[in-house]
Amino acid sequence: MLTFIRRQKYLIDYTLSSLLRRKTKNLGLLLVYTLIVFLLASVMLYTHALQREAGIILAESPELIVQRMVAGRHDLVPAEYLEALRGIRGVRAAQGRLWGYYYDPVVKANYTLLVPADRALQRGEIVVGAGVARTHNMGRGDYLTLRAADGKAMPLRVADVLHHESELVSADLILLGEADYREFFRIDAGLYTDLALQVRNPREVRTIAEKVTRLFPDTRPILREEILRTYDSIFNWRQGIVVVLLSGAILAFAIFAWDKASGLSAEEKREIGILKAIGWETSDVIRMKFWEGAVISLSAFLGGYLLAYLHVFYGAAMLFEPVLKGWAVLYPAFRPVPFIDGLQVATLFFLTVFPYTAATIVPVWRAAIMDPDAVMR
Amino acid sequence: MIELSEVRKVFNQGKPNEFCAIRGISLRIEAHEITVLKGPSGSGKTTLLSLIGCLARPSSGRITLNGRALSGLPERFLTDVRRRTFGFVFQHFNLIKGLTVLENVMLPAYPAGPEWSALRRQAQQLLERFGIGAKAGYKVEWLSGGEAQRVAICRALINDPEVLIADEPTANLDTKLSREFMEIVRMLKEQGKTVILTSHDPVVFAAPVVDRLIEVRDGLIAGGA
Amino acid sequence: MVMRRSDAFITALGVLSVLFVLTFADAGMKIDGARQALERERALVQGLGLTDLCLFTEARYTRHPTQADLHTPFQDHPLALEHFPTGSLFPPQPVYATDADIHPQTEIPD
């Protein structure tokens with residue numbers, strides 16, 4: 001055992017000396033390799049953390065939402081629908097929801113205006129999300145003036161700012177009272193944006209959705225499980241897309257690495273001949289080459305992963321900000337909760353360490369089985 | 001100690017460019033002697049040397065080392081035998097560029113996995129013995145021809161082999177350095193080593209220390225004392 | 001005397017490996033620390049009846065992808081440019097079970 005370790009250490013010695021001979025080339029390779037692992041790992045860690053967090057918090061979203069569609073557009077729902085839906089067996093409760101969008105030309109941002117079900121707000125009072133507060137640089141007691149549907153400016157006093165820890169769901173929210181909302185958007189008292197239903201038995205939610213569409217064929221029910229499924233697929237898709245975008249870089253690197261790792265130069269072949277002539281076995285040469293691949297790929301994997309971890313969970317994934325921001329002015333500032341998928345990390349490990357190491361060993365196999373007397377000729 | 005009987009070596013067997021380098025040589029090399037294989041280039045002396053040193057296997061015939069047949073051994077054992085028994089000094093020295101002198105000397109011992117500090121000390125002592133201890137940290141490409149050969153000799157001796165094998169050792173050296181080399185060979189013989197050389201340089205084969213001169217011509221032994 | 005190369009490498013690799021393991025420990029601790037915040041977030045989602053993450057605010061269908069109807073534009077191709085890159089990051093709206101199951105006779109779901 002001791003001899004085995006000593007032998008491996010000698011092989012590492014040799015490999016490192018040999019790599020250091022072409023310092024710039026090999027350090028460059030290590031750098032590019034680390035960068036690619038870093039990018040892949042960042043995407044993986046970030047999307048997985050968001051996916052898990054979305055799954056946890058959106059599990060509390062309404063069980064069943066009923067939208068009314070008119071000519072392919074989402075339309076306001078009359079209050080009569082609400083009464084009829086309450087009559088469906090299995091529906092525990094139903095509320096009309098009031099929400100909508102507002103484009104603020106001053107800062108060129110979109111807000112979501114919402115009438116909260118869980119709190120009563122005074123006339124002229126609003127509660128804003130931390131993103132809105134940040135964009136306008138305002139706090140409790142300040143006034144925000146919005147232009148109502150009739151063109152009149154409507155000054156609203158900020159009664160509170162939502163805690164920044166909830167920015168992932170609330171950054172662009174402006175909560176206001178029902179009367180203000182209806183006045184602001186000029187929506188009549190008998191209309192709602194959509195309806196939220198609570199169901200007595202969660203297993204019946206599908207049956208109830210079916211009953212809803214039978215009762216009102218112009219509606220479209222959205223189940224909570226569908227919301228969760230959408231977010232699952234969004235993050236999988238996004239991860240897939242970034243991998244696709246990255247794949248160009250990965251492919252270029254793969255070609256480069258393959259060339260570097262697999263092509264044995266005449267000099268390397270000669271060296272292997274010398275090593276064999278002075279008493280190295282074929283297996284020693286192969287192990288030495290294994291270490292050459294392992295030294296580079298292990299360092300790149302660990303380095304890239306650690307940097308990605310710091311980037312995503314300590315640096316709030318700042319490199320992705322422009323991508324996630326897109327054209328939006330208002331962007332939630334949050335640090336993802338570090339949910340890590342061990343299997344994903346293991347996959348990354350196998351995908352980065354194994355192919356490279358294999359690529360270094362395969363060609364050497366052919367060279368190492370040549371006769372050691374080749375160096376004499 | 002090393003005995004060859006009816007050894008033949010054919011290259012590219014079965015192909016149109018088939019070439020018979022050694023055409024049936026029987027030979028016995030004694031321990032603690034200096035043997036020189038002499039002959040013009042292309043005579044097959046280098047091939048014969050690589051057969052003796054277990055670098056290559058004969059196409060037919062038997063080679064025994066201290067009475068033990070080597071021809072049938074699998075590669076692993078053959079490598080092991082070669083590493084323990086023979087030390088090689090190649091014509092172009094074949095040092096590994098980019099590595100230091102000390103690393104080059106230590107290389108043949110790596111597969112056995114001895115203790116690092118002991119191996120390092122041993123390599124350093126060898127270098128001191130051959131007067132190049134000060135160059136231990138140098139890269140080998142900075143060495144002169146004579147220094148490079150001494151490093152190659154040190155590397156050949158690191159595993160403390162019974163037999164030192166050198167192919168055309170003076171081909172890249174001037175007369176003064178060639179004489180110094182023969183002095184080293186004499187020293188090694190005094191220490192009880194067996195030395196086998198190939199050469200067509202009179203400084204080597206006419207040296208008084210040489211015990212036996214074997215002339216190789218066209219893959220056969222033309223004459224031997 | 002300088003350190004032996006393999007020792008230096010093994011030490012470095014050891015340090016990196018320890019850090020690697022520590023990321024999982026750190027993540028576990030951070031998750032524990034975030035439990036209350038997550039609970040408050042859940043309460044907010046429940047209280048306000050929120051349905052979506054506020055990641056992209058530039059368009060209706062990016063702010064509330066689960067609430068968008070199927071006629072919202074350009075949701076079908078990663079190279080869609082109208083709200084690049086957000087638009088490219090969104091998958092086509094999945095056809096909800098309720099859309100597909102309930103009106104088997106409907107040719108175009110809405």
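Tutor: Let us begin with a definition: two strands pair if DSSP finds at least two bridges between them. Please keep in mind throughout that this is a predicted model.

Student: What makes β1 and β4 of chain B a pair?

Tutor: Pairing asks for at least two bridges, and five bridges join strand β1 (residues 2–11) of chain B to strand β4 (residues 60–65) of chain B, so the two count as paired, and they run antiparallel. One of the bridges can be named: B:Ile2 has B:Leu65 in β4(B) as its bridge partner.

Student: How do you know which strands stand at the edge of that sheet in chain B?

Tutor: The sheet is an open one of four strands, in the order β2-β1-β4-β5 (chain B), with antiparallel pairing. β2 (19–29) and β5 (68–69) of chain B each pair on one side only, and they are the edge strands. Helix α1 (residues 45–52) of chain B packs on this sheet, where it touches β1, β2 and β4 of chain B, and its direction makes about 55 degrees with that of β2(B).

Student: Why are β5 and β8 of chain A said to stand at the edges of their sheet?

Tutor: That sheet is open too, with six strands in the order β5-β6-β10-β7-β9-β8 (chain A) and mixed pairing. β5 (99–104) and β8 (143–147) of chain A have a single partner strand each, so one side of each is left without a neighbour in the sheet. On average, and with direction ignored, neighbouring strands here are turned by 35 degrees against each other.

Student: Which strand does β7 of chain A pair with in the parallel sense?

Tutor: Strand β7 (residues 125–128) of chain A pairs in the parallel sense with strand β9 (residues 153–161) of chain A, over four bridges. Within β9(A), A:Asp160 is the bridge partner of A:Val127.

Student: Why is chain B called as compact as a globular protein of its length?

Tutor: The radius of gyration of chain B is 17 Å, close to the 17 Å that the globule rule gives for 225 residues, so chain B is as compact as a globular protein of that length. Its C-alpha trace spans about 50 × 40 × 35 Å along the principal axes, and the secondary structure of chain B comes to seven helices and 10 strands.

Student: What does the same rule give for chain A, and what radius of gyration does chain A have?

Tutor: A compact globule of 377 residues would have a radius of gyration near 21 Å, but chain A has 31 Å. Along its principal axes, the C-alpha trace of chain A spans about 100 × 45 × 40 Å. Buried residues make up 46% of the 377 residues in chain A.

Student: What makes up the side of chain C that touches chain A?

Tutor: The contact takes 56 residues from chain C and 70 residues from chain A. On the side of chain C, the largest share, 24 residues, comes from α1(C). By class, that side of chain C has 29 nonpolar, 15 polar and 12 charged residues.

Terms used. Residues are numbered from 1 along each chain as its sequence is written. Chains are lettered from A and ligands numbered from 1 in the order in which they are written. This is a predicted model: local features need pLDDT of at least 70, side-chain atom pairs count only at pLDDT 80 or more; totals for chains, interfaces and linings use all residues. Two residues are in contact if their C-beta atoms, placed from the backbone, lie within 7 Å. Ala, Val, Leu, Ile, Met, Phe, Trp, Tyr, Cys and Pro count as nonpolar, Asp, Glu, Lys and Arg as charged, and the others, Gly among them, as polar. The radius of gyration is taken over C-alpha atoms; the globule rule is 2.2 Å times the number of residues to the power 0.38. A residue is buried if 20 or more other C-beta atoms lie within 10 Å of its own, exposed if 12 or fewer, and partly exposed in between; C-beta atoms are placed from the backbone. Axes are lines fitted to C-alpha atoms, for helices over the stretch in contact, and angles run from 0 to 180 degrees between N-to-C directions.
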